[in-house]
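These are my notebook entries on one structure. I set down what I looked up, topic by topic.

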Amino acid sequence: MAYKTIVEDNIDILVCGAGLGGTGAAWEARFWGQDKKVVIAEKANIDRSGAVAQGLYAINCYMGTRWGENNPEDHVRYARIDLMGMVREDLLFDMARHVDSTVHQFEEWGLPLMRDPKTGAYQREGRWQIMIHGESYKPIVAEAAKKSADTIYNRICVTHLLMDESKENRVAGAVGFNVRTGNYHVFKSKTVIVAAGGASMIFKPRSVGEGAGRVWYAPWSSGSAYGLLINAGAKMTQMENRIVLARFKDGYGPVGAYFLHLKTRTQNCNGEEYESKWWPQLQEMVGKEYLDPEVSHRTHRPIPTCLRNHAFLNEVNAGRGPIHMVTMEAFQDPHLEEVGWENFLGMTVGQAVLWAATDVDPKNENPELTTSEPYVMGSHATGCGAWCSGPEDVSPPEYFWGYNRMTSVEGLFGAGDAVGGTPHAFSSGSFTEGRLAAKAACKYIDDGKADGIRVSDSQINKRKEEIYKPLEHYKIYSNEVVAGSVNPNFINPRQGLDRLQKLMDEYCGGVTVSYMTNEKLLNIGLKKMHILEEDLDKLAAEDIHELLRAWELKHRVRTAESVFQHTLFRKETRWPGYYYRGDYMKLDDKNWHHLTVSRRDPKTGEYTMEKAPCYHLVDKDEAPAEPEKAEA
Amino acid sequence: MPTFVYMTRCDGCGYCVDICPSDIMHIDETTRRAYNIEPNMCWECFSCVKACPHHAIDVRGYADFAPLGHSVRVDRDEERGTIAWKIKFRDGREKEFLSPITTKPWGKHIPQLADVPAPDKSMRDSQLLFNEPKYIRMDEGDLHTLEAAGLKLKEGVYY
Ligand SMILES: Cc1cc2nc3c(=O)[nH]c(=O)nc-3n(C[C@H](O)[C@H](O)[C@H](O)COP(=O)(O)OP(=O)(O)OC[C@H]3O[C@@H](n4cnc5c(N)ncnc54)[C@H](O)[C@@H]3O)c2cc1C
Ligand code: SF4
Ligand code: SF4
């Protein structure tokens, strides 16, 4: 093969993926490791990569202790109830106590944060959200990372982590290829921080054809964080906890600013409020502890995001769709109208494009909402990801093995979507987690834990062969048929993706089955998934760009397999509205008030599943506050 | 689609190729002009549109749900620190918006952490990050700990 091998050796901290988590890691690594070599490997261009590529209109995680607004434990209460109890409270508390310092830095760097002209405090969208002009959010944090890293490799798709050969279960770097030159890149590193983002397009999207990439979470979020970690043998947690979002129809424009700031509401086709109708039935499923509308009214406790989805879905299934967002009232105020539009222009331009194309002006017409296909991610209103150590001053022994945000593989850290059990971190929290991981990684090296790492040429060469195999496969078999994409000896990445999405949708609870699954379906799905994996061995890539799609697909499939395993393990419906186990419809605290933890044996591919204790930090009750809806 | 390139305006500079997070803006080898090689992996994120120095890239909504005849144009100006949008509905109505992208000139206000004084041992042993505790409350107040807040982690179900 004509591609060069480029080796970067003696790296101290390798950051894989430089979205919000990765940029935070690179930035902070420079402070704690002024003598250390920090390198970034990023699939796209760090200036516009990741979920925040087009910008954001709000920072969704800010305590405001500076203004006396919230304390970290308040945030723990909030995220815990939203996730029906299933969170890592040590990690949440830790993120929350640092997140304000991150946001204050952002402002100092020039990110335009809106302020309340009377109090001088940041303009709140909701209890946890502050409003920004965030079109250039990503270029701004990218500048911080660029000023910190020794080298930034853009356009490197990281495919595998390298493992140390002198000590079992220790990381030693990563490999990948440049999606432009095709060159093979080897990064030998003492520690690795994986911040390669969440997973979209694992389930069949609602859009079809040309619009197939019009999903809510970016189509380039390929679950690499999970694929890399699982393949390296890292333990994962809460992978069953996929998220479904209520969004503006087709454009997937977020609803948060509309509910929280513009104070809009939803109604069914008859113009009626419908959510509360479903609460009694839902209370029977989940128990009053989790759904007590009276308490929600009196205090800050939101009705969990998934339960509000449940009401939405049931109302539509009862024949009273579509659900509309009532914008016509708020949009009569020119200021609010501007906020409504700019919210999308700075974050989800596709929604504005759609409204322009369909002549929908929300001032004169209430737009339709929909529920999205499920996504797998760790930093939004859901908490999939790696099982990581917490900080030493907070975590109980089961949650602590020495270095903050280190996975169960030594020297391997996570941030943002990669870390499990830490929902509601969002952009600012992901950046903060990157900072925490970087400090811990420096400490790990300084403690001598990374001494004596060894990577043999045979490991490096084996990975190289594996990476380029789809190109080889194409070369050998493409002559078998005249032209086109039908070949008896291979499938291309798009065909593989279509198959993955179809089977996840039908067997693991996607949109076409109204998010419903059961043990039988899951087992059939898993079986089909294993056959798909056999076919992935025969994946063919025509060029380097297709090779990128091939590896994205492989990471997606690994993530999806983990979702299957976890969904099978948790025998209850913990999050109605995200998915349903038809054979165990009720939430079952007696048996399942536990976090789920899995490990895939890298040698055999076998999964081991276990329950881990779910610790609580703060009591549920606190002083009454403004009623609030959860942001999702 | 959804992004497409006006042939006559594009000079093949490659800025869009450089920025597209989805790796789908490519230069056609024959015409030396850019084009979107995989419309169904486009997010309409407008990163390429904002990056094009010749306003040669445009977006047309996805064919599976968006009718023809609309446009959303953008002009991002780093020098002035603003972004301007012009939305044209299918029926001809127009809306314009202007907002800031930064409050400070680019490239100068983020410090080089390699140049700041290195952290001492007590900072390393604490839970603090760079600029903390000051940057949390913007005063000398301390970091939250469980003890200080009178909290303890405890296993179990209580709601
Ligand atoms: C439409 C939308 C609206 C949102 N709204 C808000 C909001 O208003 N406020 C808020 O605070 N948060 C919001 N969020 C959430 C926020 O964007 C995420 O929580 C955050 O970006 C997660 O950070 P991350 O670093 O984990 O992932 P990302 O920021 O997605 O970064 C992942 C990075 O990894 C790279 N990568 C992926 N695979 C590989 C690979 N194999 N090799 C190398 N690199 C790789 C990617 O290119 C990317 O740069 C929103 C998200 C979306 C999609
Ligand atoms: S809009 Fe975004 S995803 Fe689409 S081609 Fe442009 S940069 Fe790429
Ligand atoms: S940035 Fe504009 S001018 Fe340059 S190659 Fe792309 S479309 Fe052509």
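**Entry 1: Ligand 2**

I looked up the surroundings of ligand 2 and found 13 residues around it, the closest being B:C20, B:C42, B:C45, B:F46 and B:C48; a residue counts here if one of its heavy atoms lies within 4 Å. The model is predicted, so I note that local features need pLDDT of at least 70 and side-chain atom pairs pLDDT 80 or more, while totals for chains, interfaces and linings use all residues. Residues are numbered from 1 along each chain as its sequence is written, chains are lettered from A and ligands numbered from 1 in the order in which they are written, and side-chain values use heavy atoms, without hydrogens and water.

Chains A and B both supply residues around ligand 2, so the site is shared between chains. I sorted this shell into 10 nonpolar, 2 polar and 1 charged (Ala, Val, Leu, Ile, Met, Phe, Trp, Tyr, Cys and Pro are nonpolar; Asp, Glu, Lys and Arg are charged; the others, Gly among them, are polar).

**Entry 2: Residue B:K134**

I placed B:K134 in helix 4 (residues 134-137) of chain B; helices are DSSP runs of H or I with at least four residues, numbered from the N terminus. Its relative accessible area is 37%, so B:K134 is partly exposed (buried is under 20%, exposed over 50%, partly exposed in between, with a 1.4 Å probe and protein chains only).

How far apart are B:K134 and B:C48 in sequence and in space? I recorded 86 residues in sequence and 39 Å from C-alpha to C-alpha.

How values were computed. Helices (H or I, at least four residues) and strands (E, at least two) are DSSP runs, numbered from the N terminus.
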